[in-house]
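Subject: Handover of a structure and its description

Dear colleague,

Please find below the structure that I am handing over to you.

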Amino acid sequence: MLAPKLPADVRVGVLGLGEIGSAVAQALAADSYQVSGWSRSPRQVPGVDCLFGDEGLDELLVGSEVLACVLPSTPQTQGLLNAQRLAALPPGAMLINAGRGDLLDEDALLALLDAGHLRCAQLDVFASEPLPHGHRLWQHPAVTVTPHIAAITLREEAVRQIAANLERLVAGEEAQGRVVRERGY
């Protein structure tokens, strides 16, 4: 059993500093966690040590006791958390993946959990969804599986967002939250 820690004594890394990742990072920082975040390009998020690029990713991984992943699936993020990068996490680290399943090498994760290098993982997304019956992740004692429910759409809020975007379009303005297909999100 691990001794409890104060939030200020826990280093959390957030992979992805878009709208969701920035909100996650800021909420954790507001709760006094030591928060670093990573994105492909430079970002500024109040209260968060923002890192970017390959060098920034390496720095984030070695310093994260808890790694929270909220990245989209793009050619640049697929397989990002391979065996080498997962092994860079400090011994006893925890992984949370609520982004996309193809970000993570599940076999490498299982090997590091079996070896005791990683303490546990909470996974909401998988390379193959639904997670196949009989997959080792279902039975592993250090893995918590949730059924792709990390973010629940609230009907009233969704209707407000749609209505606001329709008003913007009618006024000749750009809709918020547009997907840029070239980026993949």
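This is a predicted model: local features need pLDDT of at least 70, side-chain atom pairs count only at pLDDT 80 or more; totals for chains, interfaces and linings use all residues.

Overall organisation

The protein contains six helices and seven strands. In sequence order, they follow the pattern β-α-β-β-α-β-α-β-α-β-α-β-α. The radius of gyration is 18 Å, close to the 16 Å given by the globule rule for 185 residues, so the protein is as compact as a globular protein of that length. The C-alpha trace spans about 60 × 40 × 30 Å along its principal axes. Of the 185 residues, 37% count as buried. Among contacts with a separation of 6 or more, 54% are between residues 24 or more positions apart.

The sheet and its helices

The seven strands of the open sheet are arranged in the order β3-β2-β1-β4-β5-β6-β7, and their pairing is parallel. At the edges stand β3 (49-52) and β7 (143-145); each has a single partner strand, so one side of each is left without a neighbour in the sheet. On average, neighbouring strands of this sheet are turned by 15 degrees against each other, direction ignored.

Strand β1 (residues 11-15) runs parallel to strand β2 (residues 34-39), and five bridges join the two. L15 has W38 as its bridge partner in β2. Helix α1 (residues 19-30) packs on the sheet, where it touches β1 and β2, and its direction makes about 170 degrees with that of β1.

Helix α6 covers residues 155-170. At 1.5 Å a residue, its 16 residues should span 22 Å, which agrees with the 23 Å between its end C-alpha atoms. Just after α6 comes G172, with a positive phi of about 80 degrees.

N97 is located in strand β5, which comprises residues 93-97. Why does N97 count as buried? Its relative accessibility is 1%, and buried means under 20% relative accessible area, so N97 falls in that class. The side chain of N97 reaches the backbone nitrogen of G99 at 3.1 Å. Leaving aside residues up to four places away in sequence, N97 touches C69, L103, L104, Q122, L123, D124 and V125.

Backbone features in the loops

- The peptide bond from E129 to P130 is cis, its omega being near 0 degrees. P130 belongs to the loop between β6 (118-123) and α5 (136-139).
- S32, in the loop between α1 and β2, has a positive phi of about 80 degrees although it is not a glycine. With a relative accessibility of 43%, S32 counts as partly exposed.
- H148 lies in the loop between β7 and α6. Its phi is near 55 degrees, a positive value in a residue other than glycine. H148 is partly exposed, its relative accessible area being 39%.

With kind regards

Technical notes:
Residues are numbered from 1 along each chain as its sequence is written. Side-chain values use heavy atoms; hydrogens and water are left out. Helices (H or I, at least four residues) and strands (E, at least two) are DSSP runs, numbered from the N terminus. Buried means under 20% relative accessible area, exposed over 50%, partly exposed in between (1.4 Å probe, protein chains only). A polar contact is a pair of N or O atoms within 3.5 Å; within protein, one must be able to donate a hydrogen and the other to accept it, and residues adjacent in sequence count only if both atoms are side-chain atoms. Contact means heavy atoms within 4.5 Å. Two strands pair if DSSP finds at least two bridges between them. Axes are lines fitted to C-alpha atoms, for helices over the stretch in contact, and angles run from 0 to 180 degrees between N-to-C directions. The expected span of a helix is 1.5 Å times one less than its number of residues. The radius of gyration is taken over C-alpha atoms; the globule rule is 2.2 Å times the number of residues to the power 0.38.
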